[in-house]
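This briefing covers selected residues, grouped by topic. Please read the sequence and structure first.

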Amino acid sequence: MKKILLMSAVVLSLIGASACSNNSNSTSNSSTKSSKTVQKKHWDKKKDQKLAKEMDKYGKTKKQTYTKYDGKNKLTTASRIYPDAFKKDTFKLNGKKISIGWSPQGEHHYNYDVMAIYNHDLTKDGQHRTFLFCWHKQKPIVLVDESSKGNVVNLHVSQDKSLNGSFSNIMIGENI
């Protein structure tokens, strides 16, 4: 009788240990799966094309031509070269240094993931207006670089309601 009780206890403890092991494996598998889905991509070709149309309309309204960074060929503005500037220059917003960089699908590599860049050179002496279309804290934001030459880029948030609204609509998937 003692042998049967002892064997039953051993078998039950082995079954219990096996169940715990399987449970921890399924927990680790589901946490692995969920960490992979956290890397949501916020930008795609369709959104990029919609923004291109909006920037074309915006440029016509302002009587300006905007050059788009295509993700391959460097975009040379009157005072800097993108995307190289993200690595070699210091970017500030409202006087505070920020983490910003080229993130073509908005994968959250920086505090400000830049998914699109459009530039218009106003004059040959360095005046330009460069729009950085970003994803920040789960929201779209348009930053503007109008800094002159130097390795500190002082950005400001675009105050253009039309441009901000168009970008927000593109990001949240509304038809524009």
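In which strand is cysteine 134 found? Cysteine 134 is in strand E8, residues 128-136; helices (H or I, at least four residues) and strands (E, at least two) are DSSP runs, numbered from the N terminus. This is a predicted model, where local features need pLDDT of at least 70 and side-chain atom pairs count only at pLDDT 80 or more, while totals for chains, interfaces and linings use all residues. Residues are numbered from 1 along each chain as its sequence is written, and side-chain values use heavy atoms, with hydrogens and water left out.

**Cysteine 134**
- Cysteine 134 counts as buried because its relative accessibility is 0% (buried is under 20% relative accessible area, exposed over 50%, partly exposed in between; 1.4 Å probe, protein chains only).
- Beyond four places in sequence, its contacts (heavy atoms within 4.5 Å) include Ile100, Tyr112, Leu143 and Phe167.

**Aspartate 89**
- Aspartate 89 sits in the loop between helix H3 (84-88) and strand E4 (90-93).
- Aspartate 89 is buried, at 12% relative accessibility.
- Not counting residues up to four places away, aspartate 89 touches Arg80, Gly150, Asn151 and Val153.

**Backbone geometry**
- Tyrosine 82 and proline 83 are joined by a cis peptide bond, with omega about 5°.
- Histidine 108, not a glycine, has a positive phi of about 65° and is partly exposed at 49%.
- Glutamine 138 lies in the loop between E8 and strand E9 (139-145), has a positive phi near 65°, and is exposed at 55% relative accessibility.
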